[in-house]
Amino acid sequence: MAIARPIRLLGAVGILGVLLVLYKFSHSTTGGFTPVGTDKISDMKRDPLLDPTGEPEGILWRAEEHDYSPESENSARINATLLSLVRNQELTELVTTMKDLERTWNHKFNYPWTFLNDEPFTPEFKKRTQEVTKAKCYYEQVPKDHWEAPEWIDDELVKESNKILEENNIQYSDKPSYHKMCRWNSGMFYKHPALANTRYYWRVEPNVQFFCNVDYDVFRYMQDYNKTYGFTINLFDAPESLPTLWPETERFLAEHPEYISENNMMEWLVDDKLRPEHNKKANGYSTCHFWSNFEIGDMNFFRSEAYEAYFNHLDRAGGFFYERWGDAPVHSIALGLFEDASKVHWFRDIGYRHIPYFNCPNSPKCSGCTPGKFYEGASFLAKEDCRPNYFKYVGTH
Ligand SMILES: Nc1nc2c(ncn2[C@@H]2O[C@H](COP(=O)(O)OP(=O)(O)O)[C@@H](O)[C@H]2O)c(=O)[nH]1
Ligand SMILES: [Mg+2]
């Protein structure tokens, strides 16, 4: 019996529809369309960034639909700033980075830039940075008492202990300014008087790159979806830089068990399966962390009682100077312990590079990087990726 043409057509469309649904299902554990809550990957064999990546689900604020003009008094911008601690001599690299972020995102939203420095910014620095953006730029100096080592730090002990770090090839261990920078980023940046009324920040470093057009207000996304912290890259750290960070953390937790979140990320922090040696040398800490040269965060988290008490405990212990604790593991441990895991967001759609690592999604909005390529250079860098653990224990949201 012959089947009428319209019925045949209908059948074909139906089959196509079923195939499409099946395709989406088969990619649902790794794709950009994964619903939050069912998004863990138990064994990451394939980089999820190879799958098509879109914007986060839900209502997003766009520059075409709201007032984001630079001078507007009643703009749709929320209480947020782009934030960069930077030196005068990094001006050229910073301008390149600013151009990238302005081109891909901020020329649409015009969020202000705040530059911070332990020294005064030069007139040239101010002129050349302001030329790159229509948004307001603020130039602030870090107060001395936020930057310098606290009085209880023993200089002789610093010298002796830094020798051990050098023997272990810990980068920058002999640079006092690097230790100060890590401490400042851990416990001081959000205390700067110029930021007293600012809530959200996007941290930007000189010499990083942005690859993808981002067409929604990411700060508004953080606020509307109740996010505390957003990251792009998730790494292992050098355990020799922080042998006592976890033991100090455990000591703190013994005194303050009340700060531990019910839905915490402890398993990610203490995993000993993927890199057992790291866990051993770091005395119980996997060394996994959000790479903090990129972070979009809510400063209220860092201003909380729990974080303040944790930072003060660490600061007293002295490991910012006697070891080389980075702000990345300190932020990450605090988030992993005190925050609800659902409030941390992987900005998979923001193409990003800080040498030698990438977050490069598969999206028509991106150009200049290779989707799914995580590192550039020596092949040993591949194992520095801690996303397999993060996706396994926390998820891909
Ligand atoms: N003003 C100032 N900024 C610093 C200093 N040390 C580091 N930074 C900034 O802190 C961030 C991290 O430093 P960077 O050299 O990139 O460290 P790395 O990414 O760990 O290699 C960058 O934004 C630097 O510009 C310093 O002594 N003074
Ligand atoms: Mg850097």
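Reply: What follows takes up the ligand, then a helix, then a sheet. This is a predicted model, in which local features need pLDDT of at least 70 and side-chain atom pairs count only at pLDDT 80 or more, while totals for chains, interfaces and linings use all residues. Residues are numbered from 1 along each chain as its sequence is written, and chains are lettered from A and ligands numbered from 1 in the order in which they are written.

Me: Which element gives the largest share of the shell around ligand 1?

Reply: A residue is near a molecule if its C-beta atom, placed from the backbone, lies within 6 Å of it. Here the residues around ligand 1 include Arg-87, Asp-118, Tyr-178 and Met-181, and the largest share, three residues, comes from helix α6 (residues 176-187); helices are DSSP runs of H or I with at least four residues, and strands are runs of E with at least two, numbered from the N terminus.

Me: Which residues of α6 are buried?

Reply: A residue is buried if 20 or more other C-beta atoms, placed from the backbone, lie within 10 Å of its own. In α6 these are His-179, Met-181, Cys-182, Arg-183, Trp-184, Asn-185, Ser-186 and Gly-187.

Me: What is the strand order in the open sheet of three strands?

Reply: Strands of a sheet pair through backbone hydrogen bonds, either parallel or antiparallel. The order is β5-β11-β12, with antiparallel pairing, where two strands pair if DSSP finds at least two bridges between them. β5 (209-210) and β12 (357-359) stand at the edges, each with a single partner strand, so one side of each has no neighbour in the sheet. Between β5 and β11 (residues 352-354) there are two bridges, and Phe-210 has Tyr-352 in β11 as its bridge partner.

Conventions. A residue is buried if 20 or more other C-beta atoms lie within 10 Å of its own, exposed if 12 or fewer, and partly exposed in between; C-beta atoms are placed from the backbone.
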